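Here is a short report on a protein model. Have the sequence and the coordinates open while reading.

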Amino acid sequence: MAVNMQQSFSIYPFDPPGDVAALRAEVRAFLAAHEPKLGVPNCWVVGDPEFSSALGAAGFLGMILPKTVGGHERHPLERYVVIEELLAAGAPVGAHWIADRQTAPLILRYGSEEAKTRYLPGICKGQLYTCIGLSEPGAGSDLAAVRTTARYTLDGWRISGQKIWTSGAHMSHVMLALVRSEEGSERNAGLSQFLIPMDAPGITIRPIIDMGGDHHFNEVFFDDVLLPEWAMVGARGQGWAQATAELALERSGPERYLSSHVLMTALIDAAGPDPDLQIKGLIGELTAELWTLRQMSLSTAAKLAAGEDPMVEASMVKDLGNSFEQALPQRVQALVDCPSTRDDDLARLMRALLIAAPSFSLRGGTREIIRGIIARGLGLR
Amino acid sequence: MSEQRALLCDTAEAVFAEAATLGMAPVEEAGFGQLLLAEADGGFGGDWGDLFAVLRIAGANVPSMAIGEHIVGQWLGGEVTKPYGAFIRVAQAAGAMDAALAMSIDYVNTRQQFGKPLGKFQAVQQVLAVFAVEAAAVNVAGAAAAAALDRAAGDAETALFEIACAKLRTNKAIGQATAIAHQVHGAIGFTREYDLHKLTGPLLDWRSDHGNDAYWGNVLGTKVAKLGGAGLWADITAR
């Protein structure tokens with residue numbers, strides 16, 4: 001039985017420089033000092049500008065950015081350690097999340113000098129927030145169907161069109177948008193990325209309330225919004241390549257399996273030191289999945305930090321992490337008696353996540369699209 | 001992968017191919033029993049990562065042979081206990097799942113229905129992506145358990161947390177992955193003459209061997225319940 005067997009996912013050493021235990025202790029001390037704000041389910045969509053400012057002041061934002069723009073020149077894996085501590089504690093990191101995770105590295109890599117000077121210091125302070133303008137009506141998973149246009153004029157660029165499902169647009173200072181900058185271009189050609197100040201004339205933001213009653217995402221309309229030339233990010237027409245590279249940054253992080261870790265914590269605490277066999281079994285199985293996901297996420301982060309492009313591995317972490325988080329509240333519900341009148345930590349978190357969980361396999365690329373990427377990696381497409 | 005491990009894997013491929021027809025004799029002659037023994041004691045001085053790599057190849061090529069028991073038994077100087085046995089099965093399963101995945105991909109790329117290869121159908125692509133992710137989880141869990149055993153100088157009690165996690169995760173993966181392997185193969189994969197059952201049969205057996213889900217769930221759940229919620233995170237990140 002000779003089979004051509006490749007190792008499907010090789011483990012890669014996660015080895016941040018410096019004293020990692022000391023760094024964790026530092027973050028935990030910071031968290032302990034902000035105790036009442038913690039324990040938030042689905043915590044990277046919950047914004048708290050005060051908390052974000054405090055994180056920035058403590059040096060935990062812009063960790064991998066140069067000191068010249070207010071960053072801390074730490075190693076990407078040190079940043080990873082910090083964010084997994086924040087997520088595990090259920091810290092409200094939603095305000096600065098997108099700015100710190102993807103916009104700042106993108107501006108650093110492709111942005112104009114003007115954009116770097118103007119935006120990066122605020123991101124490092126935890127006081128400047130960004131949102132991502134990708135989806136449009138008609139261009140969700142089929143992102144190449146983007147129709148919002150950027151027209152080059154004597155005054156500068158003129159943006160017209162509409163974005164939708166824009167998380168945090170209402171509390172962001174800047175949007176990083178993917179728009180069509182070549183008239184008549186099709187699919188993924190002729191797209192460029194722009195940094196759009198959300199207070200520019202011609203912008204209208206309308207809330208979309210989600211099924212949990214929360215306001216996270218929005219519709220954003222652009223009516224001939226004028227932008228200076230430096231607002232374009234990277235090379236004209238290269239927006240597609242830049243945006244897809246940016247997506248890889250958001251697929252394999254610990255937020256894909258830790259955004260609701262507080263429910264797991266509450267389950268274990270509610271079960272006490274000697275729960276019955278069924279609960280022990282559930283805790284054991286969940287722990288095994290959590291631990292395995294962490295090994296996969298750590299390994300992928302280490303590959304990214306080493307300059308590799310683990311597109312398929314990152315997609316695997318996202319798919320598995322989403323599934324784990326999504327199933328978690330229902331698995332708890334199936335075993336623990338939490339009638340809708342019960343109102344302790346466990347019951348409250350479980351109910352909040354039962355409602356939030358459907359979004360987990362939608363945001364950052366739907367499950368089916370992500371599995372398509374994995375299938376391509378297997379040579380099936 | 002170290003130079004030494006690459007060489008070891010090449011040897012394992014060749015020796016296990018012979019073992020498929022000749023039984024354990026070639027494995028014993030090649031000295032695999034000495035894999036974990038220190039060089040000072042005339043052994044190979046291999047680590048648990050080396051053993052994981054070798055047992056992946058065994059799992060893919062000779063899944064029913066007790067090569068892991070042979071190697072770990074020599075090192076222990078006696079019967080293989082449950083945690084070591086569980087680690088062995090995880091390593092074999094990592095190889096057998098990757099091999100079954102490779103067979104499945106090969107099959108759907110070859111077999112045509114409705115005028116195109118099965119692999120061109122999105123429904124088939126989607127389930128094979130799930131298979132690949134499950135196989136990846138087992139490979140990562142097994143490699144991480146091996147690393148834990150290396151840190152613990154082979155002491156299974158010290159590495160019990162990781163071994164329990166890896167075995168539980170593997171059991172879950174086997175359930176999903178074998179079902180998908182058979183589903184995409186259709187009827188041919190359910191026959192005696194086709195080789196798929198040589199992988200999926202042992203894989204399904206291994207879920208019971210050296211502790212099933214209930215056993216390891218209880219071991220791990222007991223440990224974690226004592227740690228408490230914050231304690232679990234502190235424990236995981238300290239490992």
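How much accessible surface does chain B have, and what percentage of that surface belongs to carbon and sulfur atoms? The total comes to about 9400 Å². Carbon and sulfur account for 53% of that area. Note that this is a predicted model.

**Fold of chain B**

Ten helices and two strands make up the secondary structure of chain B. Their order along the sequence is α-α-α-α-α-β-β-α-α-α-α-α.

Buried residues account for 56% of the 239 in chain B. Take the contacts in chain B between residues at least 6 apart in sequence: 71% of them join residues at least 24 apart.

**Charge**

Chain B carries 17 positive and 25 negative side chains. The centres of these two sets are 12 Å apart.

**Cysteines**

A disulfide is a covalent bond between the sulfur atoms of two cysteines. How many disulfides does a search of the whole structure find? Over all chains, the count is zero. For Cys131(A), the closest cysteine sulfur is in Cys124(A), 18 Å away, which is too far for a bond.

| Residue | Relative accessible area | State |
|---|---|---|
| Cys131(A) | 0% | buried |
| Cys9(B) | 12% | buried |

Note on methods. Residues numbered from 1 in each chain as written. Chains lettered and ligands numbered in written order. Predicted model: local features only at pLDDT ≥ 70, side-chain atom pairs only at ≥ 80, totals over all residues. Heavy atoms only, no water. Helix = DSSP H or I, 4+ residues; strand = E, 2+ residues; numbered from the N terminus. Buried < 20%, exposed > 50% of the residue type's maximum accessible area, 1.4 Å probe, protein only. Contact = heavy atoms within 4.5 Å. Areas by Shrake-Rupley, 256 points an atom, 1.4 Å probe, with all protein chains shown as cover. Lys, Arg positive; Asp, Glu negative; His and termini not counted. Charge placed at Lys NZ, Arg CZ, Asp CG, Glu CD. Disulfide = S-S within 2.5 Å.
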